[in-house]
Amino acid sequence: QKRRRAVTDIQMIFQDPMASLNERAKVDYIVSEGLLNFHMYKDEADREAKVQKALREVGLLPEFASRFPHEFSGGQRQRLALARALLFDTPIYIFDEATSNIDMESEEMIMNVIRELSKTKMILFISHRLSNVVDSDCIYMMKDGIVAEEGTHEHLMRKKGAYQHLFDKQKELESYAANMSWNESLKKKVV
């Protein structure tokens, strides 16, 4: 009973989606596994409709349900893990580095889902990329396993502490990377 409640009250999306996706199962089963285990559907048509809706919510086509996880990019796999979690409609979602090491399109799609969820659900978002936590109600910056700073983004930026320093450095690196990418695309056009 306690395990069932934990599963139906909290959903977690991990950094490595393949660790939680059964590589031998098709997407249809993977996404609907919780529905099947907890009998959270009326009939087969209802289950299929819920899977298709969850896939669309994360920007994946319903026909992807017949594929296997290895047929997807890392970002698409992360979206599959998110689709599975969304089917539970839990009050709490935990995202543990869920947007690291994925393509920009998938990251933006996942961040949009997280922003939408945060309007009605409790979100615990663990991230090293501070630009993803800017809109959070409360940010806790950890250092050596303890909370070093806490507050909203604006509060932490005014404080001019470690958070502000790290945020500015990350922005600087992102700007540099964007400029390098732009310069490379110019070189290709000139040649």
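Helices here are DSSP runs of H or I with at least four residues, and strands are runs of E with at least two, numbered from the N terminus. With that in hand, Glu63 sits in the loop between α3 (44-57) and α4. Keep in mind that this is a predicted model, where local features need pLDDT of at least 70, side-chain atom pairs count only at pLDDT 80 or more, and totals for chains, interfaces and linings use all residues. Residues are numbered from 1 along each chain as its sequence is written, and side-chain values use heavy atoms, with hydrogens and water left out.

- Glu63 counts as exposed because its relative accessibility is 53% (exposed is over 50%, buried under 20%, partly exposed in between, with a 1.4 Å probe and protein chains only).
- The C-alpha atoms of Glu63 and Val27 are 9.7 Å apart, while 36 residues separate the two along the chain.

**How α2 meets α4**
- Helix α2 (residues 27-37) packs against helix α4 (residues 74-86) at about 35°, and their axes lie 7 Å apart (axes are lines fitted to C-alpha atoms over the stretch in contact, and angles run from 0 to 180 degrees between N-to-C directions).
- On the α2 side you'll find Val27, Ile30, Val31 and Glu33, which meet Leu80, Ala83 and Arg84 of α4 (contact means heavy atoms within 4.5 Å).

**What's tucked away in α2**
- The buried residues of α2 are Val27, Ile30, Val31, Ser32, Gly34 and Leu35.
- Their cover includes α3 and α4.
- After α2 comes His39, with a positive phi near 50°.
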